[in-house]
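These are my notebook entries on a single structure. I record what I looked up and what I found.

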Amino acid sequence: MAADKTASKDAPMTTTPPLRVAVLGIGMMGLPMARRLCAAGHQVRAWNRTRAKADPLASAGATVHNTPTDAVRDADFVISLLENGSVVDQVLFGLGTAQAMRAGALFIDMASIQPREARDHATRLEEMGLTHLDAPVSGGTVGAENGTLAIMAGGRPQEFARAQPIFAIFGRATHVGPHGAGQLAKLANQMIVGITIGAVAEALLFAAKGGADMAKVREAISGGFADSRILQLHGQRMVDRDFAPRGRMTVQLKDLDNALITAQEIGFDAPITALFEALYKDGVEHGLGQLDHSGLFVELASRNAMQ
C-alpha cells in the first residue's frame, strides 16, 4: 500500500481538521519537516534537546516546548527524528515521554535505527495502549524541504492508513511489512547508497589517474547503463570537490554498522557492505567524518596520492 500522491514544494493545506502533531528532534531533517506540517495547517509542538535549534519554528506557527513530555501531551501523532535507537529509547522510556502520550496516540519513528530496536519499541508502546510505525526516510534535506521524501513504513496496515495525512506532506510512503520492516528497507537503501558512492568515487579517480578528464568521464557515462542519481549528484560533488555535509560520513558509517549488526542477527553474509563499512570507518578515523558522505572520494584519493 502506498500514498498515491507526492507532495509539492509548498505543503498542501489540510482539508481535514488540523491534527495535533509533536515533533521530537529538530535537526537537519526535523526542521524542514516540521515547517511543512505548520504550512499544512496542523498544530505542531516541537522539542529538541538543544532548544535553540527548535526556536525558529515558532515563527512558522509551532509551539516550542522545553521537555518532550510537554510536547507530546494530547498529541494525535508523535514523530521522532532523533539521532539513533538508544536516544529514541531514552526519550521514550527514560524521560517518561511514552507515559505522557495520550491513549491511542500514534508514534511514528522516522529516525534510522536498528530493526530489532523498532520491534522492541513497538511492543513496549503497545503494552501501554499506544501504536507505532517505523517509517525512516530517504531523500535528504532537499527532499525534506520539497516534500519529496521516500518513506519506508513498517507496522500494521491500519496504522499506515491512519498516518497518510502526515506522510502526504512529506512525500511518497510505502508500507513494506510489519514492525521493523521500515528500518530493514532503510538499511537496504543505505547499503546501496554507500556502496554506489564508493563505486562512483573509485571509478572517477581511476579514470583521472590514467589521464582522463574526470568531469568529462562523468558526462560521457551519463545516460548509459552506469548512470544513477549517485553519479549525477554525488559524482558532480566529487568533480567540484564540494563536500559540504548534506548527509555526513559519520551517519553513513552508522547506517552501514547497523546493516552489518542486523545481517549478523538474521544470519546473512554481507561481504560488500563489510568492505565499504571499513572504508567509511577509515575515512572517519582520518578526520573526514563531518564531510558529506560523498567525501569517501577524499579517502580514496588520499590512498592514491591524488589530493
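**Entry 1: nonpolar cores**

I note at the outset that the model is predicted. The largest nonpolar core comprises 36 residues. I listed the members with the most contacts inside it: Leu 37, Ile 79, Ile 108, Met 110, Ile 151, Phe 167 and Phe 170. Each of the following supplies at least two residues of this core: strands S1 (20–24), S2 (43–47), S4 (77–80), S5 and S8 (149–154), together with helices H1 (30–39) and H9 (164–170). H1 gives the most, with 5 residues. I also found a second, separate core of 24 residues, which includes Leu 231, Met 249, Leu 288 and Leu 300.

I then looked up one member of the 36-residue core, Phe 167. Setting aside neighbours within four places in sequence, I found Phe 167 in contact with Ile 108, Met 110, Leu 133, Ala 135, Ile 151, Ala 153, Phe 160 and Ala 173.

**Entry 2: helices H11 and H12**

How do H11 and H12 pack, and at what angle? I read an angle of about 170° between helix H11 (residues 214–221) and helix H12 (residues 229–240), with the axes 10 Å apart. H11 is therefore roughly antiparallel to H12, as angles over 145 degrees are classed that way. From H11, the residues Met 214, Ala 215, Arg 218 and Ile 221 meet Leu 231, Gln 232, Gly 235, Gln 236 and Val 239 of H12.

I checked both ends of H11. Asp 213 caps the N-terminal end, with a side-chain oxygen 3.0 Å from the backbone nitrogen of Ala 215. Just after H11, Gly 223 takes a positive phi of about 90°.

**Entry 3: Asp 292**

Is Asp 292 buried or exposed? I found Asp 292 in the loop between helix H14 (271–288) and helix H15 (296–303). Asp 292 counts as buried because its relative accessible area is 0%, under the 20% cut-off. The side chain of Asp 292 makes a polar contact with the side chain of Ser 294, at 2.6 Å. Not counting residues up to four places away in sequence, Asp 292 touches His 234, Arg 237, Phe 243, Ala 244, Pro 245, Arg 246, Gly 247, Arg 248 and Met 249.

**Entry 4: Gly 104**

I located Gly 104 in the loop between helix H5 (97–100) and strand S5 (106–109). Gly 104 is partly exposed, at 26% relative accessible area. Beyond four places in sequence, Gly 104 touches Gly 129, Leu 130, Thr 131 and Arg 162. I also looked up its separation from Ala 75: 29 residues in sequence and 9.9 Å from C-alpha to C-alpha.

Asp 74 is not a glycine, yet has a positive phi of about 70°. I place Asp 74 in the loop between helix H3 (68–72) and S4, and at 45% relative accessibility Asp 74 is partly exposed. Ala 305, likewise not a glycine, has a positive phi of about 55°. Ala 305 is in the segment after H15 and is exposed, with a relative accessible area of 68%.

Terms used
Residues numbered from 1 in each chain as written. Predicted model: local features only at pLDDT ≥ 70, side-chain atom pairs only at ≥ 80, totals over all residues. Heavy atoms only, no water. Axes fitted to C-alpha atoms, helices over the stretch in contact; angles between N-to-C directions. Helix = DSSP H or I, 4+ residues; strand = E, 2+ residues; numbered from the N terminus. Parallel < 35°, antiparallel > 145°, perpendicular 65-115°, else oblique. Contact = heavy atoms within 4.5 Å. Buried < 20%, exposed > 50% of the residue type's maximum accessible area, 1.4 Å probe, protein only. Core = buried A, V, L, I, M, F, W, Y, C linked by side-chain atoms within 4.5 Å. Polar contact = N/O pair within 3.5 Å; in protein donor to acceptor, adjacent residues only side chain to side chain.
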